[in-house]
Amino acid sequence: MRKALIAGATMAFAAIAAYAQTASDAFGVWENLENKSHTEFYGCSGGVCARIVRVADGQKTDDKNPDPAKRSRPIVGLVIMQGAKQTGPATWSGVLYNRADGKSYSGTLMVKGRNAVELSGCVAAIFCKTTTFTRVK
């Protein structure tokens with residue numbers, strides 16, 4: 001009985017470990033559930049970066065940017081996260097650029113599962129907005 005219990009516990013632990021999320025699970029292309037755009041999260045400079053690879057809401061240029069010289073930049077290819085550093089087993093923190101208002105925010109990328117990540121942007125660590133993304137590829 002004791003051997004069976006130990007074997008069962010070992011198998012359960014192995015199954016949990018197999019499904020545990022890691023920070024690298026965030027790499028790939030993800031769909032923003034709010035605006036249906038696609039964002040690619042990828043490794044860069046020892047951290048994570050993100051760029052928009054598809055837009056579904058019609059915004060073609062970075063027209064909300066406060067810098068007039070940047071307002072003609074195309075949205076597709078726009079880097080919205082650069083060099084975020086890993087802060088936990090399945091999280092990164094850094095600065096996020098929000099194309100909807102042209103502002104940058106303190107942000108966190110968290111892997112919620114193999115097919116879900118959350119991107120949170122905060123002002124003064126009090127007012128935060130979280131968006132869920134689902135894996136495209």
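1. The structure holds two aromatic pairs (ring centres of Phe, Tyr or Trp, the last by its six-membered ring, within 6.5 Å; planes under 30 degrees apart are stacked, over 60 edge-to-face, the rest tilted). Phe 27 and Trp 92 are stacked, because their ring centres are 5.5 Å apart and their planes lie at 25°. Phe 27 sits in the loop between α1 (2-19) and β1 (28-32) and Trp 92 in strand β5 (residues 91-98), so the pair ties together parts 65 residues apart in sequence. Helices (H or I, at least four residues) and strands (E, at least two) are DSSP runs numbered from the N terminus.

2. This is a predicted model: local features need pLDDT of at least 70, side-chain atom pairs count only at pLDDT 80 or more, and totals for chains, interfaces and linings use all residues. Residues are numbered from 1 along each chain as its sequence is written, and side-chain values use heavy atoms, with hydrogens and water left out.

3. Phe 27 is partly exposed at 32% relative accessibility; Trp 92 is buried at 4%. Cut-offs: buried is under 20% relative accessible area, exposed over 50%, partly exposed in between (1.4 Å probe, protein chains only).

4. Phe 41 and Phe 133 pair edge-to-face, 5.9 Å centre to centre with 85° between the planes. Phe 41 is in strand β2 and Phe 133 in strand β8, 92 residues apart. Phe 41 is buried at 1% relative accessible area. Phe 133 is buried at 4%.

5. Gly 46 lies in the loop between β2 (38-44) and β3 (47-54). Gly 46 is exposed, at 77% relative accessibility. Gly 46 and Gly 83 are 37 residues apart in sequence and 7.2 Å apart in space, C-alpha to C-alpha.
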